[in-house]
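Subject: Structure for you, with notes on charge

Hi,

Here is the structure I promised to pass on. My notes on its charged side chains follow below.

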Amino acid sequence: MAKVKWNVDAAHSSLEFVVKHMMISKAKGVFNDFEAEIEADPENLEDAKIEFNVDISSIDTRKKDRDDHLRSADFFDAENHPKMTFVATDIKKKSDNNYDVTGDLTIRGTKKPVTFDIDYEGTGKDPWGNEVAGFSGSTKISRKEFGLTWNAALETGGVMVGDEVKINVEIEAVKQA
């Protein structure tokens, strides 16, 4: 297949994160609004163009007070840094359908290289005849490296929010006509 443009189907895609809470459980959330520019041959991603723009204000942890705190200057500072971005800079094939997708992740004005482990899940036709492709991936980052340093000490020892954040993406993309 030739390299073509793909539109992310937001209704069938997700951008999720998980972080330790109080050192004993995990807090999960999603970003509901994001866009991507993908130009690729899904069966060979090595020369793909991949760019993501995420609306920080769309963060959703199912708790309004926590979401508002995450949007504040203590964390993402959404007023001054409304977008989180990822731009792929290098893609290496590891096996038939598995890739390391390295790129620049920018959060809160700090840009760092990050590598996602991405699986190409395949392509097919939807009920309306459109060609769709699926991708799954994950990475881990240190939130402190991106300036997300707020925390609170617990009286039992440890801290309220862990440093390691796991990011998971599930993408369904529709081939542009």
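Seven residues gather in a patch of positive charge on the surface: Lys20, Lys26, Lys28, Arg62, Lys63, Arg66 and Lys140. Please keep in mind that this is a predicted model. Take Lys26 as one member of the patch. Lys26 sits in strand 3, which covers residues 25-31. Its relative accessible area is 52%, so Lys26 counts as exposed, the cut-off being over 50%.

Glu16, Asp119, Glu121 and Glu170 form it. Glu170 belongs to strand 11, residues 161-175. With a relative accessible area of 38%, Glu170 is partly exposed.

Now the salt bridges. Side chains of opposite charge can pair when their charged atoms come close. How many salt bridges does a search of the whole structure find? The count is seven. Three of them are described here.

1. Arg71 with Asp68. The closest N and O atoms are 2.8 Å apart. Both residues lie in helix 1 (residues 64-71). They are three residues apart, about one turn of the helix. Arg71 is partly exposed at 23% relative accessible area. Asp68 is partly exposed as well, at 32%.

2. Asp117 with Lys94. Here the closest N and O atoms are 3.0 Å apart. This pair links distant parts of the chain, 23 residues apart. Asp117 is in strand 9 (residues 110-125), and Lys94 is in strand 7 (residues 83-95). Asp117 has a relative accessible area of 31%, which makes it partly exposed. Lys94 is also partly exposed, with 44%.

3. Lys175 with Glu131. Their side chains meet in a salt bridge at 3.5 Å, N to O. Again the pair links distant parts of the chain: Lys175 is in strand 11 and Glu131 in strand 10 (residues 131-142), 44 residues apart. Are these two partners buried or exposed? Lys175 is partly exposed, at 31% relative accessibility. Glu131 is buried, because its relative accessible area of 16% falls under the 20% cut-off.

One last item is a network. Salt bridges that share partners join Lys64, Asp68 and Arg71.

If you open the model, you could start with the positive patch around Lys26, then turn to Arg71 and Asp68 in helix 1.

Best wishes

Terms used:
Residues numbered from 1 in each chain as written. Predicted model: local features only at pLDDT ≥ 70, side-chain atom pairs only at ≥ 80, totals over all residues. Heavy atoms only, no water. Patch = residues over 30% accessible without salt bridge, like charges linked within 9 Å, V, L, I, M, F, W, Y side chains within 5 Å. Areas by Shrake-Rupley, 256 points an atom, 1.4 Å probe, with all protein chains shown as cover. Salt bridge = Lys/Arg side-chain N within 4 Å of Asp/Glu carboxyl O. Lys, Arg positive; Asp, Glu negative; His and termini not counted. Charge placed at Lys NZ, Arg CZ, Asp CG, Glu CD. Helix = DSSP H or I, 4+ residues; strand = E, 2+ residues; numbered from the N terminus. Buried < 20%, exposed > 50% of the residue type's maximum accessible area, 1.4 Å probe, protein only.
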